[in-house]
Each structure stands twice: as structure tokens, then as C-alpha cells.
Amino acid sequence: MANCILRRACSKPALVFARSLALGNATSKTALFSGSLLAPPHKQQILTSAVRQFAVSPVRNSSGGSHVTLWNAERALSLALLGVVPVGLMFPSQVGDTLMAVSIVMHQHWGLEAIVTDYVRPILFGTTVPKLAHGLLLVVSAATLGGLFYFNYNDIGIAGCVRKIWTTKAKE
């Protein structure tokens, strides 16, 4: 029973110590651990309210749009790729090639956009470089989609190219 009370009273001792520092209390670690069983619950409430003042960075709200919807769309596209690519390769057609081109480019664009957003942050590079990186990503994605459309309509298409690669025999 005493073990349960001890865990509940001081489950995260480092956090309790940081809270006491934020409040300006000069409490030693031993006093925190030894007095945690005897501390009244209302003092625990006082310490938890001080955590909100301990934040170092400002709170940022999203600029707009629902990120949950985008996340669900990315997962749906990833799941759809499991069917689109094999069917498009088994039954080559312009519709299948176009569907593969659009879905593959959307998939790679969203993946690279996540990388650019995570690693080219305004806090590290200023406000101009992330905007340029996102603009460059849009240009690369549009050029890739345009190139695949050109290849699909003016050449053998994606499925035809893959089939040709698979049937190529090595020279002996």
C-alpha cells in the first residue's frame, strides 16, 4: 500500500524538482523524496499549475486547414497505391498509367513536403529559405508529373516501360 502511495505522490521526481525550481523554492532532492508521502494533496495542485509558466517557446497555432484530413488522405493514397500499381502493371493502359503517375507523384510530393517542413524550419534558416524550398518542391513535383504525362501519352507509358525492363535479357 505504501508503495502505491509513493508512486502516486512522486511518479516523476525530476519534474517535481523542476517545478520547485520554477517556483523559486530552495528544496533539496532528499526533501522532495522524503516528504512526498507526507505532502498534502493541495500542494501538489499548486506545483502543477506552475508548469504552464515554465514554457520556453510560444504556442503556435496551425495556419489553417485540417491536418487530420491531410493525414487521412496520405494514408488512403498509400493504401490505394497497393492496388493501383499492380493493377496498372498487369493491365497496361493510358488510364492506368495516368492513375499511377498521379498517385506516385502525390505520394512522393507529400513525403518530400514532410521532410522539407521538418528539416528546413524557419527557426534555423529564416523565413525565406523554407518558402523557397517549398516552392522548389512544387516545381519538382509539377515537372515530374508533366514528364510522366509526356512519357505516358507520347511513348510506351509507365507500365510498358516496366514490362520492357522485366523482359530485357542480359547479353552473354
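Residues are numbered from 1 along each chain as its sequence is written, and side-chain values use heavy atoms, with hydrogens and water left out. In this predicted model, local features need pLDDT of at least 70 and side-chain atom pairs count only at pLDDT 80 or more, while totals for chains, interfaces and linings use all residues.

**Exercise 1. State how many helices and strands the protein has, and what share of its residues is buried.**

Solution. Start with the elements: there are nine helices and zero strands, taken as DSSP runs numbered from the N terminus (helices H or I, at least four residues; strands E, at least two). Next, turn to burial, meaning under 20% relative accessible area (1.4 Å probe, protein chains only). Of the 172 residues, 20% count as buried.

**Exercise 2. Work out how H6 is oriented relative to H8, and H5 relative to H9.**

Solution. Take H6 (residues 94-119) and H8 (residues 128-154): their axes come within 10 Å and cross at roughly 165°. Axes are lines fitted to C-alpha atoms, for helices over the stretch in contact, and angles run from 0 to 180 degrees between N-to-C directions. Angles over 145 degrees count as roughly antiparallel and those of 65 to 115 as roughly perpendicular. H6 and H8 are therefore roughly antiparallel. By class, the contact of H6 with H8 has twelve nonpolar, nine polar and two charged residues; Ala, Val, Leu, Ile, Met, Phe, Trp, Tyr, Cys and Pro count as nonpolar, Asp, Glu, Lys and Arg as charged, and the others, Gly among them, as polar.

Now the second pair: the axes of H5 (residues 67-90) and H9 (residues 157-167) come within 8 Å and cross at roughly 70°, so H5 and H9 are roughly perpendicular. Gly-88, Leu-89 and Met-90 of H5 meet Ala-159, Val-162, Arg-163 and Trp-166 of H9.

**Exercise 3. Describe the surroundings of Ser-103: is Ser-103 buried or exposed, and which residues is Ser-103 in contact with?**

Solution. First, locate Ser-103: its place is in helix H6. Then check accessibility: Ser-103 is buried, with a relative accessible area of 6%. Its side chain reaches the backbone oxygen of Met-100 at 3.2 Å. Finally, leaving aside neighbours within four places in sequence, Ser-103 is in contact with Leu-77, Leu-81 and Val-84.

Terms used
Angles under 35 degrees count as roughly parallel, over 145 as roughly antiparallel, 65 to 115 as roughly perpendicular and the rest as oblique. Contact means heavy atoms within 4.5 Å. Buried means under 20% relative accessible area, exposed over 50%, partly exposed in between (1.4 Å probe, protein chains only). A polar contact is a pair of N or O atoms within 3.5 Å; within protein, one must be able to donate a hydrogen and the other to accept it, and residues adjacent in sequence count only if both atoms are side-chain atoms.
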